[in-house]
Number of protein chains: 2
Amino acid sequence: MTNTPPPAEQADPEQADPEQADPEQADPEQAVAGRANAVQAAREEALTDEVLASFAGTESGRTQELLEALTRHLHAFVRETRLTEAEWAVGIGFLTRCGEITDAKRQEFILLSDVLGVSMQTITVNNETVRSQSGSNEMATEATEATVVGPFFVEGSPEVPIGGDVAGGAAGEPCWVAGTVTDTSGNPVPGARIEVWEADEEGLYDVQYGDDRVAARAHLFSDEAGRYAFWGVRPTPYPIPDDGPVGDLLKATRRSPMRASHLHFMVSAEGLHTLATHIFVRECEFLTRDSVFGVKQSLVKDFVRQPPGTPGPDGRLLDGPWSRTEFDIILAPER
Amino acid sequence: MTNTPPPAEQADPEQADPEQADPEQADPEQAVAGRANAVQAAREEALTDEVLASFAGTESGRTQELLEALTRHLHAFVRETRLTEAEWAVGIGFLTRCGEITDAKRQEFILLSDVLGVSMQTITVNNETVRSQSGSNEMATEATEATVVGPFFVEGSPEVPIGGDVAGGAAGEPCWVAGTVTDTSGNPVPGARIEVWEADEEGLYDVQYGDDRVAARAHLFSDEAGRYAFWGVRPTPYPIPDDGPVGDLLKATRRSPMRASHLHFMVSAEGLHTLATHIFVRECEFLTRDSVFGVKQSLVKDFVRQPPGTPGPDGRLLDGPWSRTEFDIILAPER
């Protein structure tokens, strides 16, 4: 080192004479406060760094990456909000209550993730916009948007033929749902497995009936032209369970627990990305305040009411009013 | 507007001819991918904004601020890490297991907060560096640093006189602890309430004995010169409970569950900020890898071993070896 700084410049900044400090900090008390702030910020940063360093030996690189990112964000949350110890205790108490109410049938942690939009953000990053990479730009089509799966999907639903009845005795206004399954290049997808499930007109899924009935839940397969159709019931809005801590959070934020009226789809086919989504009823008053942020404009559909006496598209004769809607499904390539 | 741009410049960027785009995106496929990325980023941002907006009606402004900050950070975590749905499910399962193991005696959510350094960061932001605002800069003193309270503090400890026995039958090498309590201007604080508690030589607190014994837990008051002293036991390291999900997390990250050897203090006095802290034993091998990040260099003390036969500072005659340490406590002003 040929250019050794004079000792004064090496002095610990904490020992610097406040009179020689930045003119804006010429007031000794302010200078003391300014240094205290810098010392404080350094302490907080050093703590975060210490925690991040503790993950250096993690066996899985991905686990390490996730823990580091989680730590950075949780520490930043505490630092930015200057979270008080009493508020931290409220948070611990909230998670504890979520644990207490959770059992085989009730999952409050998923509800919490849902109402904070974390579930939907996870869905969003795992179902990135996909346009056709082949053909001209004009032909490019986007894959159908995904939305939350929710807690009511059950494996092993009954199969119905195309045009068959999915309602299976569930109460509700009949609703004809039809469309096609294609890939992002516009090719029909024959034999796609289409799982559908929905609540009845009371807003209840079969698994909430308290018996073993299977209703408003089935699967079918698209035909050789990618077409499908079925009879379901017109969806109605219903609340998420709001008698626990997540319900209290919704009340504190004056938010509705209602989910916008919807019908669930899960569509899978060889070589294509499985799509879990809903379609929503355009008239539903909860479209703009769905409690779990599942609504995407591209998924809002016209459920067109048919006058009583109008025969169904399949010739079925119905006593009362019924609805019909169309939903064309575009599956992204497998990743 | 006198300088109306030509229609071409007003065109929807999604409809722009890729051949006219940025030269770096001249390849049509890249251009399509670039636009897809922009559409995707916009979707993710819009979702976060939608969740933030849902808190607009929150009754308490502070609750709204906390929920907004939490939402921003959780969404950023999901977006930055591109969290998969399977990883999200692992996270939900982890919280669920934390709930299952938590009961009146076991608090896994606090342990989780501890091992991620969130508890310590909360302590840190609530115990900001404080220097004396009065007197010359040379006289300025920093308040003693705080650290985690931990789960073993119990209200209603027995009182002992200055120089009294805190051990109360707890096994361990006797240890004389003495010091003064002052404010940040150097004034002695008489009558400060000093709560102390610690584990015995087996690493167990009295509440872990399984009976009603009270041991290694007491309170005393500083004298008119701010002085205090007591007999305790020399602290030893012990593990945090690691037979639950938090223990699994420590194993996955190859971290030790051990807490560095320490003795707890909680010191309160009229008009001053209550301080909860520890002192640590300088020789402890876990100082640099305390499982809850509670160690601060300023809190590491020499616990000086005395040869057998050396009488105690109070004239007490001891059969075997004993230690002594000093801890001067500086309390910050009340906030």
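This is a short tour of a predicted model, with something to select at each stop.

**Stop 1: the two chains together**

Start by colouring chain A and chain B separately. Any two copies of a chain can be related by a rotation about an axis and a shift along it. Here, a rotation of 180° with 0.0 Å of shift along its axis puts chain B onto chain A, with an RMSD of 0.0 Å. That is how a two-fold axis relates its copies.

**Stop 2: where chain B touches chain A**

Stay with both chains on screen and look at the side of chain B that faces its partner. How many residues of chain B are in contact with chain A? There are 71, and they meet 71 residues of chain A. To see where they come from, select α2 (28-53), α3 (61-81), α4 (85-101), α5 and α6 (118-125) of chain B; these are the elements that give two or more residues to this side. Of these, α3(B) gives the most, with 16 residues. Now colour this side of chain B by residue type: you get 31 nonpolar, 24 polar and 16 charged residues.

While you have α3(B) and α4(B) in view, click on B:Arg82 in the loop between them. Most residues other than glycine have a negative phi. Is it buried or exposed? B:Arg82 is exposed, with 11 other C-beta atoms within 10 Å.

**Stop 3: a helix pair in chain B**

Next, select residues 108-115 and 245-252 of chain B, which are helices α5 and α7. Packed helices are described by the angle between their axes and the distance between the axes. For this pair, the axes come within 9 Å and cross at roughly 25°, so α5(B) and α7(B) are roughly parallel to each other. Show the side chains at the contact: B:Glu108, B:Leu111, B:Leu112 and B:Val115 come from α5(B), while B:Pro245, B:Val246, B:Leu249 and B:Leu250 come from α7(B). Seven of these contact residues are nonpolar, none is polar and one is charged.

**Stop 4: the sheet in chain B**

Keep chain B and switch to its strands. Five of them form an open sheet with mixed pairing, and you can trace the order as β4-β3-β8-β9-β10. Which strands stand at the edges? They are β4 (217-221) and β10 (300-301) of chain B; each has a single partner strand, so one side of each lacks a neighbour in the sheet. Further in, pick β8 (residues 262-268) and β9 (residues 275-281) of chain B, which run antiparallel and are joined by six bridges.

**Stop 5: strand β9 in chain A**

Hop over to chain A and select residues 275-281, strand β9. Seven of its seven residues are buried, so the strand is largely enclosed by the rest of the structure. In a regular strand, side chains alternate between the two faces of the sheet. Check both faces of β9(A): A:Leu275, A:Thr277, A:Ile279 and A:Val281 are on one side, with A:Ala276, A:His278 and A:Phe280 on the other, and all are buried.

Strand β8 (residues 262-268) of chain A runs antiparallel to β9(A), and six bridges join the two. In this pairing, A:Leu263 has A:Ile279 as its bridge partner. The two strands form a hairpin with six residues between them, and A:Gly271 in the turn has a positive phi of about 80°. Strand β10 (residues 300-301) of chain A runs parallel to β9(A), joined to it by two bridges. There, A:Val281 stands opposite A:Lys301.

**Stop 6: two loops in chain A**

Follow chain A into the loop between β9 and β10 and click on A:Glu285. This residue is exposed, with 12 other C-beta atoms within 10 Å.

For a contrast, go to A:Ala216, in the loop between β3 (193-197) and β4 (217-221) of chain A. Here 28 other C-beta atoms lie within 10 Å, and A:Ala216 is buried. A:Ala216 also has a positive phi of about 55°, although it is not a glycine.

Key
Residues numbered from 1 in each chain as written. Chains lettered and ligands numbered in written order. Predicted model: local features only at pLDDT ≥ 70, side-chain atom pairs only at ≥ 80, totals over all residues. Axes fitted to C-alpha atoms, helices over the stretch in contact; angles between N-to-C directions. Helix = DSSP H or I, 4+ residues; strand = E, 2+ residues; numbered from the N terminus. Parallel < 35°, antiparallel > 145°, perpendicular 65-115°, else oblique. Contact = placed C-beta atoms within 7 Å. Nonpolar A, V, L, I, M, F, W, Y, C, P; charged D, E, K, R; others polar. Buried ≥ 20, exposed ≤ 12 C-beta atoms within 10 Å, placed from the backbone. Pairing = 2+ DSSP bridges. Least-squares fit on C-alpha atoms with pLDDT ≥ 70 in both.
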